[in-house]
Amino acid sequence: MQRFSQSPTDPAFVQNPYPFYDRARAGGEFFWWDEYDMACAVSHSAVHAVLRNRKMGRECPPELAPDIPKALQPFYDVEAHSMLELEPPKHTRLRSLVLRAFTSRTIAALAPDITQLCHDLIDKFPSEPFDLLTAYAQPVPVVVISRLLGVPEDRSDDLLRWSNAMVSMYQARRTPEIEAAAIAATNDFTAFMRGYINERRKSPTDDLISTLIAAEEDGEKLSEDELITTCILLLNAGHEATVHTLGNGVKTLLERNIREITDPCVEEIIRFDPPLHMFTRWVYEDVTIGEQSFKRGDQIACLLGAGNRDPLAYDTPNTFDPTRKGPQNTSFGGGIHFCVGAPLARLELRIALETLFERCPNLKLTEEPQYGDVFHFHGLERLMVTM
Ligand code: HEM
């Protein structure tokens with residue numbers, strides 16, 4: 001495996017990580033990333049193979065589980081029930097309970113409501129230059145997931161704040177301040193959810209929280225802690241990635257003067273510049289993938305944004321082609337952890353983009369957009385536009 005050195009906090013890399021991926025991929029399907037001290041899957045086929053391999057998973061092998069400082073315990077207590085951090089049989093149980101509440105019918109039925117929400121937000125756009133992220137890309141997914149769960153919309157700002165603080169725990173440059181903010185947000189979010197779930201227990205409605213409370217798999221229900229974590233996971237995962245896919249997508253379209261939104265165009269947006277670039281797997285049993293051997297306890301990073309730009313999977317992968325046909329992109333992951341929210345995200349993106357360009361045919365950038373200074377979330381700091 002070739003070694004490469006690249007600081008994940010180098011501003012030029014954070015703004016455009018794709019040339020580094022191309023260099024690393026030219027050296028083989030896997031490379032060793034010095035700064036992370038980890039093997040990385042960089043080709044489309046290697047990313048796909050690692051995500052689907054059942055000898056690997058998200059849950060840390062018990063003998064390697066790190067000691068958690070007491071102060072950070074609340075965050076990890078919540079994570080302990082997260083399907084994203086678990087493997088079968090716990091993962092299967094949690095995921096199937098959620099999937100029962102998250103049916104394709106429930107999702108499709110949201111379309112008129114999402115369309116109306118987009119129109120309402122566009123009605124409020126100012127005539128002077130404004131940030132499309134805060135005016136549109138953020139509220140669309142936050143309000144949709146809040147409504148779906150049944151969480152009051154006037155708490156959207158709190159949810160956004162808590163969620164941002166918690167997600168910061170995954171960044172390369174974690175400071176004691178970031179940790180303290182994440183713990184405070186975890187405590188507030190948990191307390192809010194606990195109260196809210198109790199209200200719904202007493203008076204169920206047709207929202208997702210009531211459905212989750214009622215959902216049962218082989219006689220087993222979600223415990224209160226599992227319910228809280230699942231709602232937090234859905235709220236966090238349910239908007240962060242969609243906000244940035246929408247932001248990155250509008251940037252890409254405006255830079256190329258593309259305004260016609262079709263399903264292949266939405267899929268190309270998801271492939272071309274996804275918000276989540278790195279997800280790791282632990283190796284549970286010695287295994288060989290392609291020419292590379294791994295041992296129990298190894299960690300492998302799957303570079304989703306790199307798999308999407310592999311020339312063996314896509315012709316001219318660094319070109320945005322809204323009519324592209326090709327293999328399924330890696331932006332939603334793969335295998336048993338494949339994104340639960342992919343159908344909802346696709347629906348939101350399609351409606352939000354279509355409505356935006358229908359209503360604002362002259363939308364244009366007023367400054368060159370910059371990506372936020374964090375590798376784990378490849379999303380814009382702001383997206384200044386004018387109508
Ligand atoms: C464009 C938007 C989105 C992107 C790019 C995205 C991406 C991902 C990725 C890459 C994973 C898998 C991580 C892994 O394999 O380690 C994942 C898992 C997950 N996503 Fe999404 N996601 C998006 C939107 C959503 C939405 C809208 C929801 C919920 C409403 C959601 C809920 C989840 C959940 C619950 C999981 C964990 C699944 C499991 O562990 O079985 N995501 N997402």
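The iron atom of the ligand has Cys 339 as its only protein donor, through SG at 2.3 Å, where donors are N, O and S atoms within 2.8 Å of the metal (3.2 Å for Na, K and Ca) and water is not among the atoms, so sites may look incomplete. Cys 339 is placed in the loop between helix H15 (304-307) and helix H16 (342-359); helices (H or I, at least four residues) and strands (E, at least two) are DSSP runs, numbered from the N terminus.

The model is predicted, so that local features need pLDDT of at least 70 and side-chain atom pairs count only at pLDDT 80 or more, whereas totals for chains, interfaces and linings use all residues. Residues are numbered from 1 along each chain as its sequence is written, and side-chain values use heavy atoms, with hydrogens and water left out.

Most residues other than glycine have a negative phi, and most peptide bonds are trans. The peptide bond from Pro 88 to Pro 89 is cis, with omega near 5°, and Pro 89 belongs to the loop between helix H4 (73-79) and helix H5 (90-101).

| Residue | Phi | Loop between |
|---|---|---|
| Asn 257 | about 55° | helix H13 (224-256) and helix H14 (263-272) |

Asp 37 counts as exposed at 55% relative accessibility, and Asn 257 is exposed with a relative accessible area of 56%, given that buried means under 20% relative accessible area, exposed over 50% and partly exposed in between (1.4 Å probe, protein chains only).
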